[in-house]
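Welcome, and thanks for taking a look with me. Below are some notes to read alongside the picture, point by point.

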Amino acid sequence: MRIRPTLSFISFLGGTLLSLSCGGGGSASTPAPPPIGVRLSASTIQTVQDGAPAAVNVTITRPTGTSRSVTLSVAALPAGATTTVDSPGAGDTGTVTITTPRTAAAGTYQVTIRASDGVSSGSANLTLLIAIMARVGSMTTGRIDMFMSTSFQPASWSDDFFVRHPEATTPLNELGSQHIRLQALERDVPQLDANNWDFTYLDQIVDPIFTVADYSPQFQIAVGPQFMYDAPQHLRDQTYQEFADYCARLVEYYNSGGFTDGGGVFHKSASSWPITYWGIYNEPNINGLSPQEYVNLYNVVVPAMLSEDPNIKLVAVELADFSNEPQRYLPTFVSNVTKQVDVVATHYYSSCNQRDSDQTVFNTIPGFVDHISYIYSQLETNPTLANVPVWVTENNVNADWSNGGFSICNGTPFVLDTRGSSAFFAAWRPLVFSRLAQAGVRALHHWGFAADAQFGEVSGASGGLYLSYWVDYWMARYFPSPPGSDALQLDATETASVEILPTLRDDGTVVIMIANHAVASSSDNNGTGAPRTVALDVSALGPFSTATQLTIDARTSLASGPSEQAITPADQMEITLNGYGVTFLALR
């Protein structure tokens, strides 16, 4: 008797057959081919943008029992780089040679080296570092004659700084600034009304400054006394004689034995040092004076001041420099000024927006250099101004400040821009210095000495040192003026991310500044920067007996600053900066 199978048994049997027929289940799958082992002789190789090759040896390990020919290939090679591959074939070793000409951008790249025999494959990662080639020549290309300085803004928020921190005169003196700039505002404007004067607050700042550095501050007469204005930014006396008389009294107070005010009180500076340099009005282009009004004011003020001391020097314009302001302001001044001009000054901030990216901030520098060139071209059109130097009397990363918690420049909630004192500054300020010095600027004033982390070299609250202090401290030492130095020939394969300034000082010392301003990401705001290496060739300069290197970057101690390290001089030297920063080489 036939037994009819049950439904459950049929279902089980069908499922089993289906599974077998479709290749299901691990026991019937095709295994992946075993990989080829790939081992590199180095995890990192370095090439230079001069076309010299760099090679890495590749050792392969075949899967057991195979003898197929192995071919090497390279993936993720940066643009411009080329490779020559010597594959193992039937052997166990090969070579990958990489060449990077000028067209290959400097930086660090992750490259993959792959091995394949047509069945099995394997890979290993290689770090490729492309260095910049820089050759320094013995010929000179121009004069570097720009001194470093700093600034103070005596007002109610700052004029007690030396009262709270008398010890701060020591770092100020060691900074070595020339003609420290003073810009008195608010209660530190000493004339109270037509008959009364009070220098108490102002001299809390001025008197200590007379005891440091070159003992010769620059007094920038930013504004007139408040009673002289009949509307914001509008002097009531449009002949400007009232303002001129105020300026003349300041010269009397500091330089000419003092004066007696309308109330019968005699005023004379306690310092035995005069003030030689005087700036006439601050940023007139944004403080209520048209180009013609400013030159009218200047032509009245200068004779009044010279009548009290004919030896003083006059600093003109003090422009808030942005957009096309030099083009708007300079022609009228140059064509109509009739009185003594010893310096023409301008101000330069890279941004007025904390949200600007690092790259945006760096990108403003060439445009400002163009403004300097324009100012000089205008001065040359007037024979009496043709030899007048240009000073930059305010300079920092970001000009913005808080107005009730909001940005004065863009109206958004204010955020302190600490790029003025971070490692970013150690790349930015040397870049600014190099470009401006080569453009003929004769003075670069930091804004300002005692302030917050956005503006200060020293904390206005604690008196502690910022990284910006050490940048300016060492730049003043490596590029003293006077006596000055000469720029040397430079052939660099890349200048987009590293600034290299080679100089020959008058004492015979060669100083080479290398500033890394390579941005890691286009969106970075106060980022860390990207590493860069420079292969430096100084063979054209002859032999040196001693050399030192000093680096300022994110690792620099704020308390003690960086220190010079003795290194072995050679015709070829390699300098690496791991992010934003600057290195100074001194070869003797």
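1. A word on terms before we start: helices (H or I, at least four residues) and strands (E, at least two) are DSSP runs, numbered from the N terminus. Please also keep in mind that this is a predicted model.

2. Let us begin with Ala244, which you will find in helix 5, residues 241-255. Is Ala244 buried or exposed? Ala244 has a relative accessible area of 0%, so this residue counts as buried. Apart from neighbours within four places in sequence, the contacts of Ala244 are with Val300, Val301 and Ala304.

3. Next, the cysteines. How many disulfides does a search of the whole structure find? The search turns up one, and this disulfide joins Cys352 to Cys409, with an S to S distance of 1.6 Å. Cys352 sits in the loop between strand 19 (343-351) and helix 8 (358-363), while Cys409 sits in the loop between strand 22 (406-407) and helix 10 (423-438), so the pair ties together parts that are 57 residues apart in sequence. A disulfide is a covalent bond between the sulfur atoms of two cysteines.

4. How accessible are these cysteines? Cys352 has 28% relative accessibility and therefore counts as partly exposed. Cys409 is also partly exposed, at 36% relative accessibility. Cys247, on the other hand, counts as buried because its relative accessibility is 0%.

5. Now to helix 10, where Arg429 is found. With a relative accessibility of 0%, Arg429 counts as buried. Which residues does Arg429 contact, leaving aside its neighbours within four places in sequence? They are Met148, Asn395, Asn396, Leu444, His446, Val471, Asp472 and Met475. Two of these names, Met148 and Asp472, will come back in the next point.

6. Two cavities of 30 Å³ or more are counted. The largest cavity has a volume of about 40 Å³, and its lining is made up of Met148, Ser149, Thr150, Leu175, Gly176, Ser177, Glu457, Asp472 and Ala476. Strand 9 (147-149) and helix 11 (467-478) are the elements that give two or more residues to this lining. By class, the lining of the largest cavity has three nonpolar, four polar and two charged residues.

7. The second largest cavity holds about 30 Å³ of space. Its lining consists of Ala184, Val189, Phe219, Gln220, Ile221, Ala222, Val223 and Tyr246. Which element gives the largest share of this lining? That is strand 12, residues 218-221, with three residues. Seven of the lining residues of the second largest cavity are nonpolar, one is polar and none is charged.

8. Turning to open spaces, the largest pocket has a volume of about 1500 Å³. Its lining has 45 residues, and Gln153, Gln183, Leu185, Trp401 and Trp447 are the ones nearest the centre. At least two lining residues come from each of strand 10 (151-152), helix 2 (161-164), strand 13 (229-231), strand 19 and strand 24 (450-451). Strand 19 gives the largest share, three residues. The lining of the largest pocket divides into 26 nonpolar, 13 polar and six charged residues.

9. The second largest pocket has a volume of about 210 Å³. Among the residues that line the second largest pocket are Asp145, Phe147, Tyr277, Trp391 and Arg442. Its lining has six nonpolar, three polar and three charged residues.

10. Last, a pair of strands to trace by eye. In what sense do strand 5 (residues 82-86) and strand 6 (residues 93-99) pair, and over how many bridges? They pair in the antiparallel sense, over five bridges. As a landmark, Thr83 stands opposite Ile98 in strand 6. Strand 5 and strand 6 form a hairpin with six residues between them, and Gly89 in the turn has a positive phi of about 60°.

Key
Residues are numbered from 1 along each chain as its sequence is written. This is a predicted model: local features need pLDDT of at least 70, side-chain atom pairs count only at pLDDT 80 or more; totals for chains, interfaces and linings use all residues. Side-chain values use heavy atoms; hydrogens and water are left out. A disulfide is a pair of cysteine sulfur atoms within 2.5 Å. Buried means under 20% relative accessible area, exposed over 50%, partly exposed in between (1.4 Å probe, protein chains only). On a 1 Å grid over the protein atoms alone, a cavity is a set of points where a 1.4 Å probe fits but cannot get out, and a pocket is an open set with protein on both sides within 12 Å along at least five of seven lines; lining residues have an atom within 4 Å of a point. Grid points are joined across faces, edges and corners, and a volume is the space filled by probe spheres set on the points. Ala, Val, Leu, Ile, Met, Phe, Trp, Tyr, Cys and Pro count as nonpolar, Asp, Glu, Lys and Arg as charged, and the others, Gly among them, as polar. Contact means heavy atoms within 4.5 Å. Two strands pair if DSSP finds at least two bridges between them.
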